[in-house]
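Have the picture open while you read.

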Amino acid sequence: MTLYELDGRDGRRFSTNSWRSKLALAHKGLSFDSIPTPFTRIGEIGDGSFKTVPVLHDGDAWFGDSWAIATHLEEAYPDRPSLFGGAAGREFARFVQHWQESQLGPFAITLIVTDLYDCVVPEDRDYFRISREKRLGKPLEEAVAGRDKRVEGFRRLCEPLRRRVSETPFLGGDRPTYADYIAFGPFQWARAVTPFRLVVPGDPVNDWFQRCLDLYDGLARHSPGYD
């Protein structure tokens, strides 16, 4: 298998969606080759139809979008540990994805986007600034203004996650499921690019994040980041 993921400066792998897929592959015990790809070269992957990463090439088949990759792995490798733990777990993971993409991710980017800009490879810098300023509706530097105070709002937004992981090690219970890998993304995103802390030691969310970093022989922890 080959997984195409975003390339960052100094080997930093910051894509939230790519981390979902990398942890899903590790969960299934499947080996894969990683091909770091800049934003501006995603169009060169496969037949050129992909607009985003991750992209998984498995045998003769190609899969774009992290959810499509997860469902493919679950269906193609049923003898391996389940990512969802059944139909209900799959629907729960979908809920977590909607929450992460509509709440956590949009807030997190306003706290770290200038650090993200500094992390992209040189050939991506113009693309990143233009596309993210269009998305945010303001210059990157204005988007992060006041983050030292605003981060408290992000931490309050984490309360559902905090309550759950105060009760059990992972969202899935004693063992992680794909829901954990989805929620993990924004925190690994920040860890890869900035010393600015989304959560702090002593917070149950941080304890859960540390447990996720150690999964699969420290797959995520060994990736370059700010610890």
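1. Start with where α3 touches α6. This is a predicted model, and in it the α3 side of the contact is made by Trp99, Gln103, Leu104, Phe107, Ala108, Thr110, Leu111, Ile112 and Asp115. Their partners in α6 are Arg147, Arg150, Val151, Gly153, Phe154 and Leu157. Sorted by class, that contact has 9 nonpolar, 3 polar and 3 charged residues.

2. Now look at how the two helices lie. The axes of α3 and α6 (residues 147-157) come within 11 Å and cross at roughly 160 degrees. Angles over 145 degrees count as roughly antiparallel, so that is the label for α3 and α6. Their crossing is left-handed.

3. Check the shape of α3 itself. A straight helix of 33 residues would span 48 Å, but α3 (residues 87-119) spans only 38 Å between its end C-alpha atoms.

4. Then compare a second pair, α7 (residues 159-167) and α9 (residues 204-218). Their axes come within 8 Å and cross at roughly 65 degrees, so α7 and α9 are roughly perpendicular to each other. This crossing is left-handed.

5. Who meets whom there? From α7 it's Leu161, Arg162, Val165 and Ser166, and from α9 it's Pro204, Val205, Trp208 and Arg211. By class, the contact of α7 with α9 has 5 nonpolar, 1 polar and 2 charged residues.

Terms used:
Residues numbered from 1 in each chain as written. Predicted model: local features only at pLDDT ≥ 70, side-chain atom pairs only at ≥ 80, totals over all residues. Heavy atoms only, no water. Helix = DSSP H or I, 4+ residues; strand = E, 2+ residues; numbered from the N terminus. Expected span 1.5 Å × (residues − 1). Axes fitted to C-alpha atoms, helices over the stretch in contact; angles between N-to-C directions. Parallel < 35°, antiparallel > 145°, perpendicular 65-115°, else oblique. Left-handed = near helix turned anticlockwise from the far one by under 90°. Contact = heavy atoms within 4.5 Å. Nonpolar A, V, L, I, M, F, W, Y, C, P; charged D, E, K, R; others polar.
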